[in-house]
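Hi,

Here is the structure we talked about, with my notes below it. Have a look at the model before you read on.

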Amino acid sequence: MANTTVEPTFSIGVVKTSRQFRQLGVLVEDGSGSMAGGAPGNMTKAQAVSLATRELLTRFKVSRHVNNFDFAVVTYDNAAAVHTHPTPAVSIDDNASYDPMAAHGGGTNIAAGLQKARELVEAFLAQAPAEGVPHSAVIVVMSDGECQNPDGTRQEAQLIKSGPNGSRVTVCSTLFATVGAPNGQAEALLKEIASDPVQNYKTVYDANTLRGFFIASMSSASGTVIA
């Protein structure tokens with residue numbers, strides 16, 4: 001009689017790939033007073049942003065490409081603050097609160113958020129070893145309304161895109177809009193500051209589409225598919 005013994009199998013989980021590149025993703029999130037407004041899902045826009053951020057981080061933490069990514073979070077209203085300094089995705093806290101209104105709630109000065117992001121990116125790229133893997137960065141700017149300092153925002157975006165690190169930095173942007181309340185000026189500015197107004201901009205209306213844009217922005221810039 002033939003031996004029909006079945007050898008046991010064991011799951012080894014997701015196999016993490018070795019680092020092939022290193023990309024910093026900086027989320028620049030609007031914490032102005034209007035983010036207390038409602039969003040689909042019985043939550044505020046600020047809560048939707050926190051949810052989308054946590055789910056973005058979880059998606060990358062469980063990816064086999066996790067070793068290639070770092071993340072940082074900047075929040076802003078009239079002024080900006082670093083919520084999370086650049087941290088490897090493998091060790092970042094995806095259960096923390098990322099509510100951008102914490103310690104904020106004022107106006108909308110996107111320039112302040114972009115300046116903080118630029119400083120983080122410059123420091124990250126400056127410490128890249130000359131003989132190491134390629135380093136790059138993606139800045140994703142999120143706002144839900146008109147900027148009180150549009151000229152300053154344009155200037156900061158230009159410093160990022162045309163500066164010495166411009167070829168290694170992608171600027172993406174998204175308007176967290178309210179259904180039935182179009183905001184052409186806010187949309188136009190956010191498209192203007194993006195590296196590509198078509199590929200790197202999207203209008204979103206809820207946490208799910210915001211999360212999707214976050215993930216697409218971070219993965220497409222590196223050419224890596226994050227399933």
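Helices (H or I, at least four residues) and strands (E, at least two) are DSSP runs, numbered from the N terminus. This is a predicted model, so local features need pLDDT of at least 70 and side-chain atom pairs count only at pLDDT 80 or more, while totals for chains, interfaces and linings use all residues. Residues are numbered from 1 along each chain as its sequence is written, and side-chain values use heavy atoms, with hydrogens and water left out.

Two loop residues to start with. Ala 103 sits in the loop between β5 (80-88) and α2 (110-126). Its phi is positive, about 70°, although Ala 103 is not a glycine. Ala 103 is also exposed, at 82% relative accessible area (exposed is over 50%, buried under 20%, partly exposed in between, with a 1.4 Å probe and protein chains only). Asn 42, in the loop between β2 (38-39) and β3 (43-44), is another non-glycine residue with a positive phi, near 60°. Asn 42 is exposed too, with a relative accessible area of 81%.

Now the helix packing. Helix α1 (residues 45-61) packs against helix α5 (residues 207-222) at about 40°, and the axes are 8 Å apart. Those axes are lines fitted to C-alpha atoms over the stretch in contact, and angles run from 0 to 180 degrees between N-to-C directions. The two helices are therefore oblique to each other (under 35 degrees is roughly parallel, over 145 roughly antiparallel, 65 to 115 roughly perpendicular, and the rest oblique). On contacts (heavy atoms within 4.5 Å), the α1 side includes Leu 51, Leu 56 and Phe 60, which meet an α5 set including Leu 210, Phe 214 and Met 218.

Phe 60 turns up again among the rings. The whole structure has three aromatic pairs (Phe, Tyr or Trp rings, the six-membered one for Trp, with centres within 6.5 Å; planes under 30 degrees apart are stacked, over 60 edge-to-face, the rest tilted). Phe 60 and Phe 69 have ring centres 4.9 Å apart and planes at 75°, so they are edge-to-face. Phe 60 is buried at 0% relative accessible area, and Phe 69 is buried at 1%. Phe 60 also pairs edge-to-face with Phe 71, with centres 5.1 Å apart and planes at 75°. That pair links distant parts of the chain, from helix α1 to strand β4 (residues 69-76), 11 residues apart. Phe 71 is buried as well, at 1%. Ring pairs join Phe 21, Phe 60, Phe 69 and Phe 71 into a cluster.

Cheers
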